[in-house]
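This report walks through selected features of the structure shown below, from its backbone geometry to the relation between its chains.

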2 protein chains.
Amino acid sequence: MNPAGLQHYSPQGLFDTDGLHLVIAGRRLVDIVEDLGCTPVYVYSRDVISRRIQALKSRLPPQVRLHYAVKANPMPEVVNHVATLVDGLDVASGRELSTALLSGMQPADISFAGPGKSQWELTESLAAGITLNVESETEFERIVRISRTLNKTANVALRINPDFELRASGVKASGGAQPFGVDAETAPGLLEKIAASDAKFAGFQIFSGSQTLRAEALIEAQAKTFALARQLSQHAGLPVRKLNIGGGFGIPYFPGDAPLVLTPVIENLNALLAQYRKEFATTEVILELGRYLVGEAGLYVTRIIDRKVSRGSTYLITDGGLNHHLAASGNFGQAVRRNYPVTIGNRLGEPAEKVSVVGPLCTPLDILAKNMDLPRADIGDLVVVFQSGAYGYTASPLNFLSHPEPKEYLA
Amino acid sequence: MNPAGLQHYSPQGLFDTDGLHLVIAGRRLVDIVEDLGCTPVYVYSRDVISRRIQALKSRLPPQVRLHYAVKANPMPEVVNHVATLVDGLDVASGRELSTALLSGMQPADISFAGPGKSQWELTESLAAGITLNVESETEFERIVRISRTLNKTANVALRINPDFELRASGVKASGGAQPFGVDAETAPGLLEKIAASDAKFAGFQIFSGSQTLRAEALIEAQAKTFALARQLSQHAGLPVRKLNIGGGFGIPYFPGDAPLVLTPVIENLNALLAQYRKEFATTEVILELGRYLVGEAGLYVTRIIDRKVSRGSTYLITDGGLNHHLAASGNFGQAVRRNYPVTIGNRLGEPAEKVSVVGPLCTPLDILAKNMDLPRADIGDLVVVFQSGAYGYTASPLNFLSHPEPKEYLA
């Protein structure tokens with residue numbers, strides 16, 4: 001076990017420690033929680049987010065622009081902070097669009113993708129002048145109608161469902177039949193309609209999947225993405241101003257997960273830009289990342305309310321669980337439950353014991369850690385779940401059993 | 001396919017139809033939705049709830065009191081309605097307790113179970129005079145302290161973790177090590193402490209699991225529950241005023257599920273009451289049900305925003321999905337995704353076609369129906385998910401991708 005009391009994850013380089021204490025933004029977690037006056041809370045580190053983004057940007061080719069997928073963590077303070085560090089924001093709903101616009105990001109650097117955009121969302125997008133990633137011919141027709149009503153020029157990119165997928169990824173969203181975007185082979189017809197319309201053509205979004213830790217899978221998908229983009233651009237008969245190649249960079253969650261190695265991915269991007277410099281010399285190549293930028297910067301913190309032994313097993317019972325952090329409980333689409341990295345935030349380095357951490361809900365699904373070696377903890381101590389900066393708060397059934405919502409805090 | 005256009009579920013006896021239309025409370029679903037002015041919406045039928053409860057109560061032995069587990073559906077209008085039909089309410093959080101108290105149910109007929117009750121929840125419970133189901137010795141000590149501070153008598157029942165489980169159930173919450181309640185074999189020690197305290201002993205809660213469709217599993221668990229209660233009551237040296245035997249009655253969701261057959265369960269309850277009439281002649285035997293009372297009375301209704309064909313597969317894209325109804329998307333702890341019963345609420349009996357219904361989210365997890373035979377539907381039509389009256393709205397990640405919340409309506 002490493003000094004932070006973690007079995008399979010080291011927050012080294014992300015979070016500091018001070019004796020028994022986890023430290024965030026120069027302060028002990030217990031003091032942050034004491035000042036907030038309540039648990040449970042999601043704590044996000046401004047500094048960890050900044051360092052992650054700056055480290056990535058410093059290595060990206062200048063032609064590649066880094067966008068943040070707001071859905072990963074739409075807390076307004078987080079979005080405002082990230083907006084100062086990236087080149088654009090990508091949204092998936094009208095409320096995310098409002099947050100993006102309030103961050104001060106220019107509408108020209110905001111895009112909206114989603115297979116079922118509502119009338120309100122299309123109208124808000126056209127009024128704001130952002131780029132709409134078109135998901136179907138029907139949707140394009142609606143966009144044209146609304147843009148005429150508003151007397152606004154529509155900025156449209158075409159979302160493509162490619163004929164390949166991102167291998168070894170947690171979430172596959174391409175290849176075969178999909179509700180997302182337009183099948184690559186039928187895109188030429190819609191491109192002709194766009195060319196013949198009043199809409200301004202921005203380019204393509206080609207998204208193949210997310211959450212992979214394997215560089216070679218990303219390299220393969222990016223190479224296929226550029227090839228497909230070139231093929232489609234020949235049909236477009238229009239300059240491709242933007243080419244959103246998706247993201248897909250994963251973060252490690254479970255025992256055995258190794259962090260993504262960036263070097264080959266960056267080298268491949270440089271090679272692709274050289275290879276396609278004729279076709280895409282003036283194209284903004286957009287890398288869209290969510291989880292990778294903010295996921296490791298967040299902690300879910302919950303307090304121990306009770307400690308009990310049942311038939312030889314020790315349970316720590318906390319004031320939040322599945323209702324606040326569904327993915328960590330193993331119930332969000334996971335076939336097999338595995339423990340997220342967990343520790344006791346004010347007992348680092350104490351002798352370990354095998355315990356299970358469960359939330360306050362009357363359901364056996366409510367587990368944050370199952371049979372883990374954790375520092376010996378008691379009532380009042382703080383259970384910390386790492387890797388909780390993305391798809392934590394918003395991806396959880398907060399009203400389940402009607403407990404109080406957790407707070408969110410950007411430290 | 002039956003006339004309602006459903007592959008593996010018949011709402012016959014629950015919902016009426018009128019030509020192409022599903023009818024709730026005497027009105028076409030399309031008209032209800034038109035008046036509400038928005039989708040998506042959960043629609044609950046007051047009448048279906050009433051009929052379910054009355055049918056069950058008319059068959060229960062007079063000594064058995066029917067309680068409603070508020071967590072199944074805590075919408076205040078639903079709780080207020082159910083409260084007029086049942087003998088008590090059981091809650092799992094402070095907010096559920098507030099809802100229960102506002103329904104007009106007497107505090108003597110309200111109980112609170114949950115392994116991690118907060119200071120606020122214990123205080124609110126003691127101030128209101130409800131029954132607290134004690135989950136651990138530590139919790140009992142906290143209850144005694146707070147009751148002294150408030151100068152209120154604590155009404156405590158002991159929640160028991162039995163040494164058996166409910167077989168063939170969707171949710172097992174007993175047998176082996178558990179965070180719930182006190183292990184049966186260690187209960188006598190805590191019973192002595194309760195007897196020696198100022199607290200008023202109410203009895204036992206013995207809950208072994210939920211969502212079973214097999215009568216023989218319930219019969220076995222109930223027999224073991226009575227036997228355990230007798231054994232424990234001999235240690236109590238105190239009258240057992242209340243014996244909460246849990247619930248566990250399931251409802252059918254998936255192809256091949258047959259509804260629970262009540263007759264043998266009722267007969268078994270009568271036999272057990274006769275067998276234990278000496279020990280429990282004056283005991284309130286409480287049957288605590290949630291899902292069984294309200295689950296079949298609810299529909300999730302979402303509107304089709306787009307219709308598209310991708311590589312031979314037809315997709316209906318709706319304005320709500322996984323974010324509003326996680327269980328129907330197959331992502332709430334299910335190892336294998338199966339379709340809930342789904343239809344098109346304004347196209348009943350139209351010729352069927354094979355389609356998938358997906359929500360508006362940018363994730364391949366967002367599926368409401370996969371390759372189902374549904375009546376031919378188009379943009380604007382209403383997709384209906386049956387069996388959505390319990391653990392729908394509150395068990396879903398409403399903020400996921402920041403779309404508008406669904407409404408709830410008791411028709």
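## Conventions

Helices (H or I, at least four residues) and strands (E, at least two) are DSSP runs, numbered from the N terminus. This is a predicted model, in which local features need pLDDT of at least 70 and side-chain atom pairs count only at pLDDT 80 or more, while totals for chains, interfaces and linings use all residues. Residues are numbered from 1 along each chain as its sequence is written, chains are lettered from A and ligands numbered from 1 in the order in which they are written, and side-chain values use heavy atoms, with hydrogens and water left out.

Most residues other than glycine have a negative phi, and most peptide bonds are trans.

A:Gln211, which is not a glycine, has a positive phi of about 60° and lies in strand S13 (residues 209-212) of chain A. With a relative accessibility of 14%, A:Gln211 counts as buried, a term that means under 20% relative accessible area, with exposed over 50% and partly exposed in between (1.4 Å probe, protein chains only). In chain B, phi of B:Gln211 is near 60°, again a positive value in a residue other than glycine; B:Gln211 is found in strand S13 (residues 209-212) of chain B and counts as buried at 14% relative accessibility.

## Helices of chain A

Helix H8 (residues 215-236) of chain A has 22 residues, which at 1.5 Å a residue should span 32 Å, and this agrees with the 31 Å between its end C-alpha atoms; the expected span is 1.5 Å times one less than the number of residues. The buried residues of H8(A) include A:Leu218, A:Phe226, A:Leu228 and A:Leu232. Just after H8(A), A:Gly237 takes a positive phi of about 60°.

Helix H6 (residues 137-150) and helix H7 (residues 187-196) of chain A pack at an angle of about 10°, with their axes 11 Å apart; axes are lines fitted to C-alpha atoms, for helices over the stretch in contact, and angles run from 0 to 180 degrees between N-to-C directions. H6(A) and H7(A) are therefore roughly parallel to each other (angles under 35 degrees count as roughly parallel, over 145 as roughly antiparallel, 65 to 115 as roughly perpendicular and the rest as oblique). Their contact (heavy atoms within 4.5 Å) is made by A:Glu137, A:Phe140 and A:Glu141 of H6(A) and by A:Leu190, A:Lys193 and A:Ile194 of H7(A).

## A buried glycine

A:Gly295 is found in the loop between helix H11 (291-294) and strand S16 (298-310) of chain A, and at 0% relative accessibility A:Gly295 counts as buried. Leaving aside residues up to four places away in sequence, A:Gly295 touches A:Ile251, A:Gln387, A:Ser388, A:Gly389 and A:Ala390.

## Relation between the chains

The same surface serves both copies, since 100% of the contact residues of chain A recur in chain B.
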